[in-house]
Amino acid sequence: MPDGVRVDTGVRDGSVISPYYDPMVAKVVAWGATRSQAARRLADALARAEIHGTVTNRDFLVRVLRHPEFLAGDADTQFLERHDAAGMAAPLFDAEAERLCAAAAALAGAASRRAAATVGARMPSGFRNNPSQPQVATFAAAHAEEIAVGYRFARDGRTLDALVIDGEEVEAPRLHACAADAVDLETGGVRRTYRVHAAAGGDAEVAVSTADGEVVLRELPRFPGGEDEAVAGSLTSPMPGTVVRVMAEVGADVPKGTPLLVLEAMKMEHEIVAPADGVVTEVRVEKGAAVDAGAVLVVLDAPE
């Protein structure tokens, strides 16, 4: 931890956070000679934090800590009514920075596969005797449905011949270092180190961290097909929680915005509402049920 920052937590790598656990799983404390210095230290520590495997409100907290009103000591209980709460909770990275993080994730993935190879481990990823098309990795991300990254290593295996993101070639990329857990990449004259953490257990989730924040990507299969598809119209749980009320009934016509059920999570109640006009075809949970994030709760048959 940097000077002036302390972290208290009872959670470590491999811990399982139960939905019954208190939502505060860690406490970060910062101090300084002034309020502004303490707030800047805390915001910087949170932005640089590498938190994998659980959803947090870290990006929202960083924006609050850096907000002029908060730094001036003028924040009150109406702070979020005066400012765009959804915008403050958005990822710290913009779309362009997210694209470069996807490029780093693709290169780290190539390095990981080379390191695990039983044959030709010292050869560059995708090596050919003659130059060929770039290898392509595709990711789902917050600011885009998909980010396609094409890359081709030179014969020395340490430099890039090409780096293409969403069909646009990145000019003069320079690869200073590339490993499964970190990529040192220079693009447009700016050099950045991207720390890459791939989820264990074969999960396709990849977290990429820099000094400015972290972005979570999901690598899409190169040859999709055979996976179970979610039922069209499925409404899923946005977080682990407990169903406290079910208002939806099979066969009911529901206008857009109609509350269908209520989840209790993190000591708060969250309404699940109909995203469009439709008919309830399935209700898969009942009052008192504990659900995981992503669990299907209700299925709507909505008109095209």
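The legends below accompany several close-up views of a predicted model.

**View 1. The whole chain, as a setting for the close-ups.** The predicted chain holds six helices and 19 strands, and 31% of its 304 residues count as buried. Among contacts between residues at least 6 apart in sequence, 50% join residues that are at least 24 apart. The accessible surface of the chain comes to about 18500 Å², with carbon and sulfur atoms accounting for 51% of that area. A search of the whole structure finds 14 salt bridges, including those shown in the views that follow.

**View 2. The salt bridge between E69 and R82.** The side chains of E69 and R82 meet in a salt bridge, with an N to O distance of 2.2 Å. The pair links distant parts of the chain, since E69 belongs to helix α3 (residues 68–71) and R82 to helix α4 (residues 79–82), 13 residues apart. E69 has a relative accessible area of 16% and therefore counts as buried, the limit being under 20%, whereas R82, with a relative accessible area of 41%, is partly exposed.

**View 3. The salt bridge between E96 and R99 within helix α6.** Both E96 and R99 lie in helix α6 (residues 95–116), where they are three residues apart, about one turn of the helix. Their side chains form a salt bridge in which the closest N and O atoms are 3.2 Å apart. E96 counts as partly exposed at 45% relative accessibility, while R99 is buried, with a relative accessible area of 15%.

**View 4. The salt bridge between R99 and D166, and the network around it.** R99 also forms a salt bridge with D166, the closest N and O atoms being 3.4 Å apart. Because R99 lies in helix α6 and D166 in the loop between β5 and β6, this pair ties together parts that are 67 residues apart in sequence. Through salt bridges that share partners, E96, R99, D166 and E168 are joined into one network.

**View 5. The backbone at D166.** D166 is placed in the loop between β5 (160–165) and β6 (168–169). Most residues other than glycine have a negative phi. At D166, however, phi is near 50°, a positive value in a residue other than glycine.

Notes
Residues are numbered from 1 along each chain as its sequence is written. This is a predicted model: local features need pLDDT of at least 70, side-chain atom pairs count only at pLDDT 80 or more; totals for chains, interfaces and linings use all residues. Side-chain values use heavy atoms; hydrogens and water are left out. Helices (H or I, at least four residues) and strands (E, at least two) are DSSP runs, numbered from the N terminus. Buried means under 20% relative accessible area, exposed over 50%, partly exposed in between (1.4 Å probe, protein chains only). Contact means heavy atoms within 4.5 Å. Accessible areas come from the Shrake-Rupley method with a 1.4 Å probe; for residues, only the protein chains shown count as cover. A salt bridge is a side-chain nitrogen of Lys or Arg within 4 Å of a carboxyl oxygen of Asp or Glu.
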